[in-house]
Amino acid sequence: MRDFLISNKNNSYCSILLLLCLNHLLSVAPVIAQPKRPVREEKITLQAALNRLENHYAARLVYIEKDIPDMHVPAIKWSGDFGTDLQQQLLNSGLKATKISDKQYVLNKITSSDHTVLTSIKWTQGIVRSLNKNLPLEGATVRAENSGIIVHTDKNGAFKIPTGDHETVKIAYIGLKQQVLLPEAGMLLNVFLAPEQVHLNTVEIFSNTDFMDYMKKPDLSHDLQRVQLNETGRSSLPQSLNFSYSNINVGHYAIDNVASYLDPIRLNGQDADYIVVLIEGKKRHLFSGLNLNYTTGMGFSGVDLETIPQNFIQKIEVHPAQQSIIFGSESVGGAINFKFDTLFRGFNFRQQSGVTTRGDGLTNVSSLRYATGLPWSDKAFLDLSFTYKNQQSTNRSNAYGGLVYRSASDTSSLNKLIFSNAGEKISENKRLDDSLVSARQFNRNVARYGDGKSNNLSLWFHTSNPIGKTWKLYSFGGISSRNIRTYGFYRFPNDAKSSTPIYPDGYLPEDPASLKDAAITAGLSKNTGGYAIDVSTTYGRNAFSTSTENTVNPSMGLSSPTSFYLGKTTYSQLVNDITVNKTYRWREQVHLSTLHLGGQLINSRYQIEAGDESSYLDANAAGTPVEELKLSGTNGHLGFSPSNAVDQRRNQAALFGQATFSLNKYTEAGMGLRYENSTLFAAQTALSFDIKRVLGPYVILHATYNQSSKIPGLQQLYFSQTQYQFFPRDGISDVYKIMQVSSLSPLAADLGIPALQPERAREFHFSVNFSKDRFSLYALYNRIQMNNRLMVSGRRLSQEEELPFLRENYGVDAIQYFRNIPGSTTHVLQLIGGYILPLSGYSEKLVFQGDLAWNKTSLYTGPATTATAVAADRTFTGIVEDGQPKLKAIGKINYQSKTMSIFLRDTYFGPVWYRDSRPELDQYFKGKVITDLGASWQKNRSLLFTLAFNNLFNIYPDKVVENKALNTDRTFGNQIVYSRQTSQFGIYGTYVSLSIDYKW
């Protein structure tokens, strides 16, 4: 064996030597065999080569696709330099590359004379300066909207950027107000950026520009979130806000009353009447109804945002700091300004359809917009909008599990010998009732709890016409009509007070309502030579009329009608504005930088119209024993009586001024003063101070102090009505007759109810804005101190010693009214961040957005004296302090390419509490995460498809839990399992929508 191994080893060495010698001979010998076949060089299309270059170098090429020849080029031999490799690929292509930056080139056709010709792309160039300092701005951001190309100005403020026909250019610089321009061919732009006004401390959260635009704006307006309205998938504008901005909370209640007609909105933890809503900077009128449901926003009205045309909106600005100097005392909680798109021309049709996964709530929204230039000026335009929205109802109620025909008192009539204890009697009573239910084929699924059915039609216009070289005449406005049908609680035949032989098996009241809204603004403005002058008039009117059907006035017996007109509320407002702004040139010493002066005349009118007599009539015969009395008035919603009817006006006049001073090149300080006089109340003043500091090119610090007064609204002063209200008391849900008393009424004087006083507000606001490259961060802290805070009192029961005449004279169980409590304090923290991660150059990107807000309101209700004890009602204070999430967070990832956008958004709604009159019946509702998923695909510049899944995992709020030990019935016999007092995000479940957007 050993010899064999040695032999094989030697043979191996010999073989290796032989192979080495042979290889050497072949390498030096002349080739006499057949010539070697040449290796075929790999080639790819020029288009593919350009795509590879963009991906490899994370760069951007701008070109017209039809100009790229259909040719093959050698595979790229990577040199490590983008420009070198690009020039190599363009050899013999007839194209020339023009460098914009190290990562951006424009490809142009080359003529025989080597002159660059590009059919649709032109060059736009100019110089950017600061208006007040007249200094060139180095590093200003210049962006072409369609292509997405971004360049920065050089040390002389100069820039040069390729743009297409009718392509807008945005120019921004930190601390200065952004400009949007539509340059003409060959025009040299001289751009002056003015300082951001002191009061414009805003966060822009929506943009309805072209396809999937996202751009941070490095100035004080904190442009951190730009989301198309149709991307949210929600057809309701308030709910779109709710899922896009953490500092806004919008309750969505399935309650048959004002809360179901108007989603109550909160900003900075403040209710709707503390928020000014503006359209193009003009004050919007209030909704005429008054929310007296035990929900967030109780005692307030707000603006009906559903009347604003979504297809007109270009962006929505949120002003998180108090704006009382410019907009008045109603802006304690901030302001929301809707800006219209003025650049669109042509037709735009949009169809959105959606439905819940339960098959209800089908919603169709159809809108058509037409905008055209006017022949006498290239700056004149007319924009028209038509929108129709139809929404079917939803129902999230359960089958009724209680007694239908027999009542709990019937147990006493059962034979004591057969049923010896209470438990047996209750069981037997239920068995007998079930047999009646079966015999009469009664359907226990009679309740309705969810969104009502609605139809909404609106027509809007917007126009602007230049007058001479510096003046502009503008106008906008519209009308809308919304019809809603909601449902009350089922009235079972075993309720002796509400039963009627007209409906022997009970009845479900249906409540149709009609909302009519109209508004128009006309104004004249001038902006030249550092002056901006604006004079305008805005008129708005909202009318809210209600009816009820399929119900009765039980006290009228068989003579009762089954449908009733309940009356109407109307609110109208005429606002005359004049403002003058002057911007001053920069000087080295301390000097006045901007001056803002103005005045307002506001005329408001509030009306209540009485309903049918049968809607409020008490037809019980005199002397009827209390136990035999039937409910008076319409069972469901009572109508307004003639004693409730009002027609009141209020005039307000205000003068204001605001000045900004440049302390040095990086620091500005400002102050403002407003004087306002009105009927019924003494003159009120507002005062503000602020300071703004720019730290380098990326950071702005801003601090403000505001002090103002807010007078009570007309609704809060004059509204009065008796209502039937369903709510749990001591754990048992029942219907109670409650009278809302006006503090100006004779009854209020008899009861010692004090007159309402103006509220006093003090706010401290501090914010930090950081913006660099593709990253933006914004943080704020607000502290709002309210004295004499206005709220609805607790219920004063007719059983109280001093109030027995209420039941005798008015037939009510309790009264409530508006009153001032000592005060409240609100703390707000908010943090917003955004980052853009380019993929494949700038043709694809990932956009990361985060938005978190925390707020806490504490009420100070004062000592528990007879006059103030009602203000400390646990349920009412709990609505303000715990009825909405204190913590809310939104996280979003958005993939964007030239033709597609895909987003994933998680919204966390923090926990809420329901406080009962008895602490042992309080309930805690856990925080929930709502996930939205959507995708948009743009076939071309004209056609856009969007598919969205809202609440992807079908999340609902926690259900109401009964306390068996205390034998509670807070769910009305298991009908209503979701809270009627608190709302985090509504009770829709999963909602799927598809929209088609077509422009031509």
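Is N954 buried or partly exposed? At 37% relative accessibility, N954 counts as partly exposed, where buried means under 20% relative accessible area, exposed over 50%, and partly exposed in between (1.4 Å probe, protein chains only). The structure is a predicted model, in which local features need pLDDT of at least 70, side-chain atom pairs count only at pLDDT 80 or more, and totals for chains, interfaces and linings use all residues. Residues are numbered from 1 along each chain as its sequence is written, and side-chain values use heavy atoms, with hydrogens and water left out.

The protein chain contains 11 helices and 47 strands; helices (H or I, at least four residues) and strands (E, at least two) are DSSP runs, numbered from the N terminus. Of the 1000 residues in the protein chain, 57% are buried. Among contacts (heavy atoms within 4.5 Å) with a separation of 6 or more, 68% are between residues 24 or more positions apart. The accessible surface of the chain is about 42300 Å², and 57% of this area belongs to carbon and sulfur atoms. Accessible areas come from the Shrake-Rupley method with a 1.4 Å probe; for residues, only the protein chains shown count as cover.

Strand β39 (residues 814-839) is joined to strand β37 (residues 775-792) by 17 bridges, and the two run antiparallel. Strands pair if DSSP finds at least two bridges between them. In this pairing, M786 has S824 of β39 as its bridge partner. On β39 there are also two bridges to strand β38 (residues 796-797), again antiparallel, with A814 as the partner of L797. A further 17 bridges connect β39 with the antiparallel strand β40 (residues 844-860), where N855 is the bridge partner of V828.

A nonpolar surface patch of about 1000 Å² includes F347, Y370, F386 and W1000. Patches are made of residues with over 30% relative accessible area and no salt bridge; like charges are joined within 9 Å, and nonpolar side chains (Val, Leu, Ile, Met, Phe, Trp, Tyr) within 5 Å. At least two patch residues come from each of β21 (346-356), β22 (363-374), β23 (377-391) and β24 (453-467). The largest share, three residues, is supplied by β23. Y370 lies in β22 and is partly exposed, with a relative accessible area of 32%.

Side chains of opposite charge can pair when their charged atoms come close. The whole structure has 32 salt bridges, each a side-chain nitrogen of Lys or Arg within 4 Å of a carboxyl oxygen of Asp or Glu. One of them joins D517 and R284, at 3.0 Å from N to O. D517 is in strand β26 (residues 510-528) and R284 in the loop between β18 (282-283) and β19 (313-319), so the pair ties together parts that are 233 residues apart in sequence. D517 is buried at 7% relative accessibility, and R284 is buried at 8%.

The loop between β46 (943-950) and β47 (991-999) holds N954. D958, in the loop between β46 and β47, is paired with K928 of strand β45 (residues 928-938), so parts 30 residues apart in sequence are tied together; the closest N and O atoms of this salt bridge are 2.9 Å apart. Most residues other than glycine have a negative phi. N954, however, has a positive phi of about 55°. N967 is found in the loop between β46 and β47, and its phi is near 55°, also a positive value. N967 counts as exposed, at 61% relative accessibility.
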